[in-house]
Amino acid sequence: MLRTGLLVLAVAATPNPPADLLLTGAAVYTMDPVRSWAEAVAVREGRIVFVGTAKDAQAWRGPRTRVVELAGRMILPGFHDAHVHPVSGGVELAQCDLNNLPTSETVVAKVRDCAARLGPDQWVVGGGYALPVFAGGLALKDVLDSVTGSRPAYLTSADGHSAWVNSRALANGGVDASTKDPEKGRIERNENGEPVGTLRESAMRLVGRHVPPPTAALRLEGLRLALGQLNRAGVTAVQEASASRAYLETYRDAEKQGVLTARVTAALGTDEARGPEQVDDLARLRTEFASARVRPVAAKIFADGVIEGRTAAMIEPYLDRPGFRGEPNLSRDKLTTLVRRLAAAGFNVHVHAIGDRAVRETLDAMEAARPEAAGRDLRFQIAHAQLIRPEDGARFRRLGVIANFQPLWAYADSYMKDLTWPALRRELWAYLYPMRSLVRSGAVVAFGSDWSVSSLVPLEGIQVAVTRQSPDEEPSEVMQPDEVIDLPEALAAYTIGAAYAMGLEKQTGSVEVGKRADLAVLAENLFEVPARRLGKTRVLMTLVDGEPVYQEPPPNK
Ligand SMILES: [Zn+2]
């Protein structure tokens, strides 16, 4: 008793410098190691200085403290998006934006509008169309020709693995019936071998390389649009999933102008055509572009494509393409050598792997790189991880590999029903996005949106993770009920788990004293919201370093 008394006296004798900001009367889900709850958070100089009861928080109140009474609303750590494309997605928003259009008619109408605003020889550029709006995922040039006039057109699918091009664009690229499919790519053709207007994977570059690249100004404008949407959804940190030098310049421009309103961890894109010598170049980029808000500490490798386009690397052949099981982008040897070199240079290795074979070979490469990784505290991660055999699922935890899932994909939508299931033996359906298996195995699971491939709203992904149903409010088919996770697990994956994947878990990802004040304030306590409405929960305020980067406008203005 005596000791306690002395301690209280000692604390009381050192008055706290008052907080800049006091959020109180809230339901604070701290995401600390024991998942404790609190009522108030005090912030000073961008850091959290107090987490506790509303009563104790009063000690932090001074004459200049901004006090926000939250009347039971929820505070969470800001969401961390572990795999997202803010620059390319933002450029799409600033160009011909085909995202979220439900039918081929609406897509075509939008392209007509875009084209009408351009000069007669200007490229129609943009993207975001959903593959399933076109039968068989096949977008045709004739349709595009009819609305683009004389202009060449190059439009990418939402998943980024296909391009829809018109006749003029094919001519510009010199692509015709005599053009061979490039390695790791496919020109979709009619029965006469003539290109029909869809290019897959590396074949996209046949035309794409003729498209004028976005200017620095367009990239910056795109990034600002993207950050606006991310902050509005409660996101405070992003892992840029494939950064080039140009993208790093865009982040630097944004930071210089004071508009970089999220923390950025960048995964530097690797080039499959080059060998491990490129690692030195990446290391130079890491040094050149590291700043207060930008950490280019990861490297991205594409191990394969996507199941929908039959470009993912599978253990067994696709059911609808007898004998064909896709090919990894890199041979086992090349992948292993590159991963080992990246680990030796201290990079967090971030691999896109979708097919079960790509996942397996990536785990093999990461296992082989353990000597290089030893003692370096690297964050190896497999992004998307769509099809995982159980024996490989068990290896994530053992090897310390993070499963970087996109939860919004884990339900029976048309990508799944029309383009994925038909390619897989029925028994394999149980191994699609096995989130619960991974979480319960003790592996670190991180969530990300892969925007602009799909919606960037974390709460929509969280809703799907806890229901495995469509993000609509109506009940629908539950895909693999055994892989449903619970709300604390889903929230952890989008906060502290993703922070860990970025190497930020000591600075952000939970509401704890000493961490940066990166917070999201929600209109409702998610634990009191029906699961099928989670995705619709409003974000009232988003803070980065204690500064509001988004605030919901007051009602009835
Ligand atoms: Zn991606």
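**A parallel sheet, its packed helices and a zinc site**

Q381 stands opposite I402 in β20. The structure is a predicted model, in which local features need pLDDT of at least 70 and side-chain atom pairs count only at pLDDT 80 or more, while totals for chains, interfaces and linings use all residues. Residues are numbered from 1 along each chain as its sequence is written, and side-chain values use heavy atoms, with hydrogens and water left out.

Strand β19 (residues 381-384) and strand β20 (residues 402-405) run parallel and are joined by 3 bridges. Here strands (E, at least two residues) and helices (H or I, at least four residues) are DSSP runs, numbered from the N terminus, and two strands pair if DSSP finds at least two bridges between them. Both strands belong to an open sheet of 8 strands with parallel pairing, in the order β8-β15-β16-β17-β18-β19-β20-β21. From one strand to the next, the twist averages 25 degrees.

Helix α10 packs on this sheet, where it touches β16 (263-269) and β17 (294-302), and its direction makes about 155 degrees with that of β17. Angles run from 0 to 180 degrees between N-to-C directions, and axes are lines fitted to C-alpha atoms, for helices over the stretch in contact. Contact means heavy atoms within 4.5 Å.

Helix α10 (residues 278-289) also packs with helix α9 (residues 245-256), at an angle of about 10 degrees and with the axes 11 Å apart. That makes α9 roughly parallel to α10, a term for angles under 35 degrees. R245, L248, E249 and R252 in α9 meet L285, E288 and F289 in α10. The residues of this contact divide into 3 nonpolar, no polar and 4 charged.

Another helix pair is formed by α3 (residues 86-94) and α8 (residues 216-232), with an angle of about 100 degrees and axes 7 Å apart. These helices are therefore roughly perpendicular, the term for 65 to 115 degrees. Among the contact residues are P86, V87 and G90 of α3 and L218, R219 and E221 of α8.

The zinc ion is coordinated by H83 (NE2), H85 (NE2) and D450 (OD), at 2.1 to 2.2 Å. Donors are N, O and S atoms within 2.8 Å of the metal (3.2 Å for Na, K and Ca), and sites may look incomplete because water is not among the atoms. In sequence, the donor residues are spaced H-x1-H-x364-D. H83 counts as buried at 1% relative accessibility, as does H85 at 14%; buried means under 20% relative accessible area, computed with a 1.4 Å probe on protein chains only.

Technical notes: Parallel < 35°, antiparallel > 145°, perpendicular 65-115°, else oblique. Nonpolar A, V, L, I, M, F, W, Y, C, P; charged D, E, K, R; others polar. Buried < 20%, exposed > 50% of the residue type's maximum accessible area, 1.4 Å probe, protein only.
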